[in-house]
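The following note comments on one structure for a reader who is new to the subject. Please keep the sequence and the structure in view while reading the numbered points.

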Amino acid sequence: MPPENTLIPFKRIINKIHIIRGLKVMLDSDLAELYGVKSIVLRQAVKRNIKRFPDDFMFQLYKHEAEMMVSQNVIPSMKYFGGHLPYVFTEQGVAMLSSVLNSYRAIEVNIQIIRTFAKLRKLLATHKDLQDKINEMEAKYDQKLKEIFDVLRQLLIQEEKPKEALGFRCD
């Protein structure tokens, strides 16, 4: 159970996790902000230890991916990236950052980020379980529900037929 007195709220971290190329990632600039360092310091630390960051830990965005983030209002403008295409880090890359950024704050923030990724994974798994259950129920009860709706439709059709007036007619 994570401690209640965390440096950064869960919601703030989760808002900085994006899906790019089908992976959950965080931008280098967002991570730098959370760690309390300049983006260039983070990138330099990574470049000095580049062998720790294979492509499945970190990759640089293509121009169209960065532009897409701007067009979807995830990022205010291309200037936000500081004149270069940003690097993004997967959960494993974030974990590896703890070995190259060794300040107290970086370690504490890193722990929170890893816990956030784990919590997100758990939420997504719960969502998938719920979706599977709904699909299972739908398949199981689909025919019975169809029969009920067919009967209801028949009743509604019968209700719509004009009924003859009751009583005596004076011709």
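1. Two strands count as paired if DSSP finds at least two bridges between them. In this model, which is predicted, 4 strands form an open sheet in the order β1-β2-β4-β3, and the pairing is antiparallel. The edge strands are β1 and β3, each of which pairs on one side only. On average, neighbouring strands of this sheet are turned by 45 degrees against each other, if direction is ignored.

2. The pairing of β1 with β2 may be examined in detail. These two strands run antiparallel and are joined by 4 bridges. Within this pairing, I17 stands opposite M26 in β2. The loop between β1 (17-20) and β2 (23-27) contains R21. The phi of R21 is near 55 degrees, which is a positive value in a residue other than glycine. With a relative accessible area of 40%, R21 is partly exposed, because that class covers values between 20% and 50%.

3. Is α2 mostly covered or mostly exposed? The helix is mostly covered, as 7 of its 8 residues are buried. The buried residues of α2 are D28, S29, D30, L31, A32, L34 and Y35. After α2 comes G36, whose phi is positive, near 75 degrees.

4. The next matter is how α2 meets α3. Two packed helices are described by the angle between their axes and the distance between the axes. Helix α2 (residues 28-35) packs against helix α3 (residues 39-48) at an angle of about 105 degrees, and the axes are 8 Å apart. That angle makes α2 roughly perpendicular to α3, because values from 65 to 115 degrees fall in this class. On the α2 side, the contact involves D28, S29, L31, A32 and Y35, which meet S39, L42 and R43 in α3. By class, the contact of α2 with α3 has 4 nonpolar, 2 polar and 2 charged residues.

5. Aromatic rings deserve a separate point. How many aromatic pairs does the structure hold? The structure holds 1 aromatic pair. It is formed by F53 and F89 and is edge-to-face, with 5.9 Å centre to centre and 80 degrees between the planes. F53 lies in the loop between α3 and β3 (58-60), whereas F89 belongs to strand β4 (residues 87-89), so the pair ties together parts that are 36 residues apart in sequence. At 4% relative accessibility, F53 counts as buried. F89 is likewise buried, with a relative accessible area of 1%. Both residues receive this label because buried means under 20% relative accessible area.

6. Which residues are in contact with N110, leaving aside its neighbours within four places in sequence? They are Y35, V94, A95, L97 and S98.

Conventions. Residues numbered from 1 in each chain as written. Predicted model: local features only at pLDDT ≥ 70, side-chain atom pairs only at ≥ 80, totals over all residues. Heavy atoms only, no water. Axes fitted to C-alpha atoms, helices over the stretch in contact; angles between N-to-C directions. Parallel < 35°, antiparallel > 145°, perpendicular 65-115°, else oblique. Contact = heavy atoms within 4.5 Å. Nonpolar A, V, L, I, M, F, W, Y, C, P; charged D, E, K, R; others polar. Phe/Tyr/Trp six-rings, centres within 6.5 Å; stacked < 30°, edge-to-face > 60°. Buried < 20%, exposed > 50% of the residue type's maximum accessible area, 1.4 Å probe, protein only.
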